Amino acid sequence: MRTLVFWSGIVCAALCGLIDPVWGYGVVFVLALVQLSMLGAAGGSVFLLLHYTVVLVYFSLAPAMQIAADVDFWEVGIVGPAAHTQALMLVLLYMAGVEAARLGLPAPTAAPWPAQRARAAGVAHPFLLLGCLEVAFAALFLHTDMNFVARGTLGGEESTPVQYIVYSTMPKLVVLMCFVVLAIHALRQRTLWAWCAAGLAFALAAFAANPVNTARQVILIGLLPLLIHALGRRHRWTLAAVIFGAIAGLGPVLNLISRDAMWGAELATYPFSLDFDAMFVVAGILERAPSPELGYGRYLLSAFSFVLPRELKMFPEFDPLGWPAVLGNFSQSNLSLPPFTTAYFDFGLAGPVLLGFAVSAGFRFVDKAIDPQRTLTTGYLCALVLLAAYVPFLRGPILGWGPFAVSGLVAAVVAGSLASGFRRPAARPTPPTGPERAGLPTA
């Protein structure tokens, strides 16, 4: 039933979008809501839940209201309806690819919840986690200008990407992931010591993830895993609502604190904030470069290689955000593109479908690892981080999704190793030997 509703909704959105892109995005909004309601049962795909939540935030209501109000972002002027319609079709093609990878999968069933088993599984050595957390927290003070001073207020030299990862992104995510592990440990053990350790970790994590100079990708990839673990199976509507509220509400608030309030700039409310300009930028680029040279993967490689220093970026000539037609029209150079747009530049209309299929097929394996009963291992934490990283991934990788995701995975490996790497194996009963094995009486 859910699959039939989806494909019917996609067709309706495409037809409405050909008439008016505002109507098309409106149908996507309704379609995402309906899909979330059908994914609300326990045991369903956590990836699809996150997928439709992100679609709801960035790719439905926001562009519809922006187009209807003739919003002008980045001094680029009013974008024509034809470009907005083309951008909408790329969204629909990507969504179709995501669902195509799910065709034929059996309907999930809610797994039983053995509470005793869940509470019995703790971490091997909480002291090691606390020690690692404190070391990572102390590392943040090696370069306070990267972590506790608002960007734009210093006149010093710009830090290189590698320095930012080593002294800022990585330590912050290690602190947050250690807190995630200790919080899960406390929820399972429910002892005074476990709650005190989690409380200390929370205090350090809150201080490390301060709103002054912390990108929201750190908070998403660092703290969203805890919400996915706690709410991903049993309280799925709550998880979707928290993610939507955090992005639509908390995002602009953090921007107001970290940038606009300090510089005297105004920050419009959702969805007119510059955080929700994803489809506006896509349409603006499509309007100015409607027939780019096919890249056959080089556009995606150029987009994702920003994890490297700029001088090591792969295929910089295939960066759509660096085209003269784009740089000459947009006042802001720090733009981002959803990955399905660069996939379109690479492989035409088949690109978004293929990318959506590949991403969804990969997350089918990640979905299997997401079980709140599972022992805290490196693999389980990495799966949580990968799911959390999908939110900034779909929004657009150019703003820095890669370094945060890689740092989050490294932090998950560190926390997972400390949580379970030194766990004693369970004692196995000794198999019977001699007369006992043969069933003969013994003296």
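Helices are taken here as DSSP runs of at least four residues, numbered from the N terminus. The model described is predicted. In this model, helix α3 spans residues 46–58, and His-51 has its place in that helix.

Helix α3 has 13 residues and reaches 19 Å from its first C-alpha to its last, close to the 18 Å expected at 1.5 Å a residue. At the start of α3, the backbone nitrogen of Phe-47 has a side-chain oxygen of Ser-45 within 3.3 Å. Of the 13 residues of α3, 13 are buried, so the helix is largely enclosed by the rest of the structure. His-51 is buried, because its relative accessible area is 0%, and buried means under 20%. When residues up to four places away in sequence are not counted, His-51 touches Tyr-94, Met-95, Val-98, Tyr-390 and Leu-394.

A second part of the description concerns a helix pair. Two packed helices are described by the angle between their axes and the distance between the axes. For helix α5 (residues 81–100) and helix α13 (residues 278–288), the axes come within 8 Å and cross at roughly 120 degrees. The crossing of α5 and α13 is right-handed. On the α5 side, the contact is made by Ala-83, His-84, Gln-86, Ala-87, Leu-88, Leu-90 and Val-91. On the α13 side, Met-279, Phe-280, Val-282, Ala-283, Leu-286 and Glu-287 take part. The residues of this contact divide into 10 nonpolar, 2 polar and 1 charged.

Conventions: Residues numbered from 1 in each chain as written. Predicted model: local features only at pLDDT ≥ 70, side-chain atom pairs only at ≥ 80, totals over all residues. Heavy atoms only, no water. Helix = DSSP H or I, 4+ residues; strand = E, 2+ residues; numbered from the N terminus. Expected span 1.5 Å × (residues − 1). Buried < 20%, exposed > 50% of the residue type's maximum accessible area, 1.4 Å probe, protein only. Polar contact = N/O pair within 3.5 Å; in protein donor to acceptor, adjacent residues only side chain to side chain. Contact = heavy atoms within 4.5 Å. Axes fitted to C-alpha atoms, helices over the stretch in contact; angles between N-to-C directions. Left-handed = near helix turned anticlockwise from the far one by under 90°. Nonpolar A, V, L, I, M, F, W, Y, C, P; charged D, E, K, R; others polar.
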